[in-house]
Amino acid sequence: MIQNYLKIAFRNLRKNRLYSFLNIFGLSLGIAACLLIVLYVTHELTYDQWNPNAGRIVRPAADINFGGNHFELAVVGSVVGPDALKEMPEVQSFCRFRDYGTYLVRRDGPSQQNIREEHVLTADSTFFELFPLKILEGDAARCLTQPDVVAISRSRAEKYFSSPQMALGQTLLFENKERKQVTAVYEDMPVNSHFRADILISMNGNDEVKTDPPFWASNNNFHTYLLLRKGVSREAFRKKFDALSRKKISETAQGLLGTTMEEVEKTGQYARYYLQNLTDIHLHSNLNAELAPNGNIGYVWIFSAIAAFILLIACINFMNLATARSAGRAREVGIRKALGSKRSALIGQFLSESLLIAAFAVLLAVLLASLAMPWHRELTGRDLSMSWSSPVFWLSLVAGTGLVGLMAGSYPAFFLSAFDSIRVLKGQATGIGKGGGFRNVLVVFQFSISVALIIATILVFNQLNYIQNKKLGFEKSQVIIVDDAYGLGDKLYAFRDEMLRHPAFESATVSGFLPVPSNRSDQLFSMNRSFDKEKSVSMQRWRVDNDYIRTMGMNIVQGRSFDPGRVTDSTGVILNETAARLFKFKDPIGQKIYVPDGNFEGQPKPEDFKEMTVIGVVKDFHWASLRENIGALCLQLGRSQGEISFRYKGKETAAVVAQLEQGWKAMSPEQPFNYRFLDDSFARMYDAERRVGKIAGVFGLLSILVSCLGLFGLAAFTTEQRTKEIGIRKVLGASVTGITGLLAKDFMKLVLLAIVIATPLAWYFMKQWLSDFAYRIDIQWWMFAAAGIIAAVIAFLTVSFQSVKAALNNPVKSLRSE
């Protein structure tokens, strides 16, 4: 029986080549798109699942609103982990990370060149207890217990020492001065981890831990992870942790401010700590000071929905084309029933055809998805590949084939098998009218999804264009940043001065604090020599040089910039407009503000505060993402030698880079030369949004293409059914244009209805997306009109091709049998 079904199915596919092509190609596009998106979504959902302790690890995070600023931080004080272990028996262990940024690292010895390492963490000796990576060499429990030792990954062992075996006991030189012995080599971290660590430096002997005050809400610089004992309820533990955090924050308020937390909260200010599950960090956390850029669960849901909709659109095509062809198969059904065939047998026949088409479509889809993998890697930023060796992958394809075949073929099978054999054989019912309304609903659904995706694409790219062209308060173009400037040592300023002699350079500044992701330093300032909840402001404290404002293209709106000829500027500060407003200065110039200087125990005494004088106010500039409002910030003279930024003239970028590299190699040939452009660094802050826009655009056009394949098929079968009507109209004098319009009209009504439905839906969801940005575009009517026009034009061209072809046919051929 099954062999007979397949034989008839093959015959039908060969007989109706256009129908077969449209169905197989349309389905394969939908399945290929679905495969690519599912590959990405599955990867995102498996972050940190490799860790056998994942269900028992939580990370404390901070939510602080104080001094006019609101911070949501992935870092907490160095005392949080030890306090939790000491006071909560549910905690088995803890591990802290301190991320000090990039390091210049080389193997200790002559003729070794520095390598810039970005994924270096200072970690507690318990690292491998919480994150049990495979140890290739050394002892996991003891490798980080001593000061001045490191554990390195397999890839770093191979880079510096050729093999993990050769690395153990060797010495690495950090920043040309700190020697650290390799005590362990571990397997590279899985790519689906929310952080990456190629080198782990022992926390033992860390000066910051030694000098940190014993308060939770003072210096928040450490990523801290708590490992709970087996059997501990995370929800019950959260409640106990909340109680402990409130107690510790109250101690902070008393110790630093000399008041109770209740009094502080009456002013609307607060400090709160909460716990995040390890497996929630990648998709559900977007805090300041994350170890790496995280994903977004919202985008995962969006991509999943897009995959489902595109597959559904492809299945709808199958249903529409199958029911539209009902006239051609009505007589076949009638004869089969007259000869005794049961309805179940007919359903089996039609389902076997749909399963065969689905099988061909899946095979073609796998080929298309494989060819698209390089584009997929570039688009998603993930180095993913098909799991050819996985039995689950192949079982999923087989199951997918069955699911798609049944989903696409079930309605046509039941629809066609329900024909009344007597009426069909008498020519009284062909099935064309029946099911027409359902087909129209499906067409409207298809185009509604497609139009909504096009609207989303237009809005995303307009928001990104707004971000790129918005006045930021600084000039991001024509600025090149040379990284790791400290690698030049005492030749740093000689290098800067030598480059400035070149006519291509206008100015330069030496500072690691930049209005793109870089150094950040938040500190509490006061209007007197004590902290007061009414007179204190939490703000960024950036150490810069005399040429910083000029090089960054910022504007002084009150007072003046730093003057190298004034010795008193060493205690001067420049506030941004937000900070001046929060201090409530009528005239900020000459006002005194105070900040604790050095280390102190408990509440700082008046003599612990350093007096600083406001010498100027800089126009507010965006030093963080445009998702956030501009926060308070001050600039002061100080050493921060992470980067040198040069403002250059003209368009000779290649010559500028060559000049910098030549000068760098002349002064420090053993150090790697690394550079980037300020505008590129700014653009990278919005890579996730740009990626969403591209994905929505690509799959929006793909959904339009798949929808139009179905529309093309429907138009072909509709014109076939109306061949005699078209012939009569032509004989009676109808023009080609009139007939084309007549045939296209019904389809265009459906497309216009889809545009009407898609518009409010897209407006609602895109308004929610834009609400994540503090600075955003207004949604304009033309965006919806443009998307509608694009969809309508593509649909009209698709339908018109068949309509014009039918209108140009010789009416004699269509009427000669009448």
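Author: Grid points are joined across faces, edges and corners, and a volume is the space filled by probe spheres set on the points. This is a predicted model, where local features need pLDDT of at least 70 and side-chain atom pairs count only at pLDDT 80 or more, while totals for chains, interfaces and linings use all residues. Residues are numbered from 1 along each chain as its sequence is written, and side-chain values use heavy atoms, with hydrogens and water left out.

Reader: OK, what's the volume of the second largest pocket?

Author: About 800 Å³. Its lining has 24 residues, and I302, A456, L761, F765 and M766 are the ones nearest the centre.

Reader: Which helices supply at least two residues each to that lining?

Author: α11 (297–324), α17 (436–469), α23 and α25 do. Helices here are DSSP runs (H or I, at least four residues), numbered from the N terminus.

Reader: And the lining of that pocket by class?

Author: 19 nonpolar, 4 polar and 1 charged. Ala, Val, Leu, Ile, Met, Phe, Trp, Tyr, Cys and Pro count as nonpolar, Asp, Glu, Lys and Arg as charged, and the others, Gly among them, as polar.

Reader: How many cavities of 30 Å³ or more are there?

Author: There are 2. At least two lining residues each come from α2 (17–45), α14 (373–380) and α23 (687–721).

Reader: Switching to packing. How do α25 and α26 cross?

Author: At roughly 155°, and the axes of α25 and α26 (residues 781–808) come within 8 Å. Axes are lines fitted to C-alpha atoms, for helices over the stretch in contact, and angles run from 0 to 180 degrees between N-to-C directions. Angles over 145 degrees count as roughly antiparallel, so α25 and α26 are roughly antiparallel to each other.

Reader: Left- or right-handed?

Author: Right-handed, meaning the near helix is turned clockwise from the far one by less than a right angle. The α25 contact with α26 has 20 nonpolar, 5 polar and no charged residues.

Reader: What about α24 and α25?

Author: Helix α24 (residues 723–731) packs on α25 (residues 736–770) at about 150°, with the axes 10 Å apart. Those two are therefore roughly antiparallel as well. On the α24 side, E725, I726, R729 and K730 make the contact (heavy atoms within 4.5 Å), and α25 brings I739, L742 and L743. By class, that's 4 nonpolar, no polar and 3 charged.

Reader: Last one: which residues join α18 to α21?

Author: α18 (residues 492–500) and α21 (residues 653–667) pack at about 145°, axes 10 Å apart. The contact uses A494, F495, E498 and M499 of α18 with Q659, L660, G663, W664 and M667 of α21.

Notes
On a 1 Å grid over the protein atoms alone, a cavity is a set of points where a 1.4 Å probe fits but cannot get out, and a pocket is an open set with protein on both sides within 12 Å along at least five of seven lines; lining residues have an atom within 4 Å of a point. Angles under 35 degrees count as roughly parallel, over 145 as roughly antiparallel, 65 to 115 as roughly perpendicular and the rest as oblique.
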